[in-house]
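Student: I have a structure open and would like to go through it step by step. Could we take it in questions and answers?

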Amino acid sequence: MDFLLDIPVLGFILQFLVYLVNVIGNGHIAPIILGLAAPIALGAVCGVMNERSGVVNIGIEGMMLFSAYIAFMTALFVHQAFPTEPSPLFGATPALISGVIAAIAAGVLISLLHAWLSISIRADQIISGTIINITALGLTSYLNRLIKPFDSAGAFRSFRPPAGLIELPGVGWLFEMFTAVGPIAMSTIVLVIIVQILLFRSRWGLRTRAVGEHPKAADTVGINVIRLRYRNVLMGGVFAGLAGAYLTLEATGSFQNNMTAGRGFIALAAMIFGRWTPLGAFGGALLFMGSQAIGVAIRLAPPVGDLGTFLGGIQQAYPSLYNNFFTGLPYLLTIIVLAGVVGRSNAPAADGKPYEKESSS
Amino acid sequence: MISRPRSYIGRVVVPALSILLALLVASVIIIVSGLIGPEKKVDLLLPLVAYRSLLVGAFGNFKGIANTIVAATPLMLTGLAVGVGLKAGLFNIGATGQVLTGGFAASLLGVLMNDASPWIAIPVALLGGMLAGALAGFIPGFLKAFTGAHEVVTTIMLNALVQLMVSGLVNDVFRAPGFSFARTAPVGNAELTGVAGTTLHFGVIFALVCIPLSYWLLWRTTVGFEIRAVGANPTAALYAGMKPRRTMMLTMSLCGAFAGLAGAIEILRLGYYPAVFGSSIGFDGITVALLGQSNPFGIMLSAILLGAMRAGAPLMQIQARVPVEIIDVIQGIILIFLAAEIVVRKIFRLRTPQVTGELQTITRTYGEKVVG
């Protein structure tokens, strides 16, 4: 089969694919992909919760950013008040756990603003989301300047699965992907599956979808549209909060201004790509962030042969462009996927339309 | 922000009251931050001290006023970049990327013509910036028109992509030797230098011309009518014989051109393109457009207000020790009050107009194919 790899251009692409399959299988790259995809998937689940009930939420970015800050600061305060040794499981400390809880509370709080603006005030939901993004960016930058913390409460550690499990031929990398990660990334897949099942198999899910497709009909059969939308938007905040906590307490252990860097919007694209289903959105998140992980893979395990020489040459000549290319791949893929998918995917029919009960007539 | 029949109260009084309320809320934030800040004490007068130095910094002397005008100049343009789009039902939050594209193109042209007469170099560089910005705006416009990809997501992605690409290019290809950080060579004669010992420059004129020009375009020309018609109802516009897709692409290109010009002015004022060009003018444009109710003259006033805040903020940080980032917080709160217009009206007991017919939102949801 090796002769295939020598064909000009096509052979080159084949070499790249072979490299990718190898590196994901044996290069310890799989857990990195899940780590990158976790906040995107959580943000996308937040989007699904909102939009299935008919509320557009482009403020996920701001919700994540604000929760990330609150998570970091809460963890830091608790850590300074009661310093404890990290526990053997995930390196968890009371500080980190309270940080996660605070992040969830912060996510719900900001969601309340979005719910109030878009459901009660019936403001334009896209503008409401943008306002949340602008306010969250401003407020966190302001607070971050005001109290510049030099300390950190640390971060959750990844789980160490037994070596035998990872080295299983063929499927070992899959086990590694879902177990050699921190607690939030690990629970992401569980949460995605739970929401998927609830959305399509529970009374709540049926009601949510009904309200998102035809609120008037849902109202006629006795569903309280306003209350259901409120509840869904607030529950969405839980996921955005978790995504924020992931960024500061699991991925980095620090906070930087605007550290979400468009993740909330990639999450939206993942949601659209997954046709407003949690599992589909999770797939989208893996696809988008997997592309960024290629850059990491090449750095950790450089390819050999023609491919290696070629990539090495580019890296030598254009180091910044080379790095930025991989950083930018998820953004590029997001645009391409969005352009290719939107026309064929059906958003919930009442998505983005404020609902008004016709009580006066 | 549902388009109700706009009255004088809706267009002028509510935005003004929103600003007032936002300043009040921000003063509470300033007082509380005294408690968690480095000094750990409550100073009830701190907001007054801060706002006073903000005012003095922005309007206290001729130099301050010049700084305010110079800060307002790009904001008028990015405000138009968002506001004109809103008229067509497009929410262009990609002004940031279009600013970078325009600024980068202008810097390259400026470096190329650094020996030419300023009378040629500056207009050519500004025009180049506009065209590059228009291209950056055309891409999301095209994607929206032909694939339905929502401009809010595509423009944000393009912001990140342009930032990565341009900084890569400056680092790897256009980096000028002999500087401690990555930047292009100086633009030489294309630089917009200050006049009369202030920061005032000729670029201000271009922004001031764009305001009445876009008003004329929107309300006195066929193109403007089509833009507003498509914004009101693309399907109806299609049946009236217009081409919504073409109008969308045209509008986004126009928006990009405004933002590109803003970027070009900022870069020619700086005199070179730095690899890390962090400027808030793109995002400030959203606030300016929403506060100005997408009306060119409203945009001009909002830009001056925001420009004054940006110009006065450094003095406030020095004198009152309130971080300049408070301006971003104030912006956000102004927008919240604007969106919750009904609350502002209740607080001040203003009349609330009756909404007739179906509620029409400015922007539409994504996932909707564009017809035409």
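What follows is a set of questions and answers on the two chains.

Tutor: Two remarks on conventions come before the questions. Residues are numbered from 1 along each chain as its sequence is written, and chains are lettered from A and ligands numbered from 1 in the order in which they are written. This is a predicted model, where local features need pLDDT of at least 70 and side-chain atom pairs count only at pLDDT 80 or more, while totals for chains, interfaces and linings use all residues.

Student: How many helices and strands does chain A have?

Tutor: Helices (H or I, at least four residues) and strands (E, at least two) are DSSP runs, numbered from the N terminus. By that rule, chain A has zero strands, and its helices number 15.

Student: What is the radius of gyration of chain A, and what does the globule rule give for 361 residues?

Tutor: The radius of gyration is taken over C-alpha atoms, and the globule rule is 2.2 Å times the number of residues to the power 0.38. Chain A is as compact as a globular protein of its length, because its value is close to that of the rule. The C-alpha trace spans about 75 × 55 × 40 Å along the principal axes of chain A.

Student: What percentage of the residues in chain A is buried?

Tutor: A residue is buried if 20 or more other C-beta atoms lie within 10 Å of its own, exposed if 12 or fewer, and partly exposed in between, with C-beta atoms placed from the backbone. For the 361 residues in chain A, the buried share is 53%.

Student: Which residues is A240(A) in contact with, leaving aside its neighbours within four places in sequence?

Tutor: A240(A) lies in helix α11 (residues 225-252) of chain A, and counts as buried because it has 38 C-beta neighbours inside 10 Å. Its C-alpha is 9.2 Å from that of A106(A), although 134 residues separate them in sequence. Two residues are in contact if their C-beta atoms, placed from the backbone, lie within 7 Å. The contacts of A240(A) are G43(A), C46(A), I60(A), M63(A), M64(A), S67(A) and G107(A).

Student: And which residues does A243(A) contact, with the neighbours within four places left aside?

Tutor: A243(A) is also placed in helix α11 of chain A. A243(A) is buried, since 33 other C-beta atoms lie within 10 Å. Its contacts are P39(A), L42(A), G43(A) and M64(A).

Student: Is R122(A) buried or partly exposed?

Tutor: R122(A) sits in the loop between α4 (94-120) and α5 of chain A. Its phi is near 55 degrees, a positive value in a residue other than glycine. Because it has 19 C-beta neighbours inside 10 Å, R122(A) counts as partly exposed.

Student: Which element gives the largest share of the side of chain A that touches chain B?

Tutor: In all, 49 residues of chain A contact 50 residues of chain B. The elements giving two or more residues to that side of chain A are α5 (125-146), α12 (263-273) and α15 (319-341). The largest share, 14 residues, is that of α5(A).

Student: How are α8(B) and α10(B) placed relative to each other?

Tutor: Axes are lines fitted to C-alpha atoms, for helices over the stretch in contact, and angles run from 0 to 180 degrees between N-to-C directions. The axes of α8 (residues 222-232) and α10 (residues 244-270) of chain B come within 10 Å and cross at roughly 110 degrees. Angles under 35 degrees count as roughly parallel, over 145 as roughly antiparallel, 65 to 115 as roughly perpendicular and the rest as oblique. Therefore α8(B) and α10(B) are roughly perpendicular.
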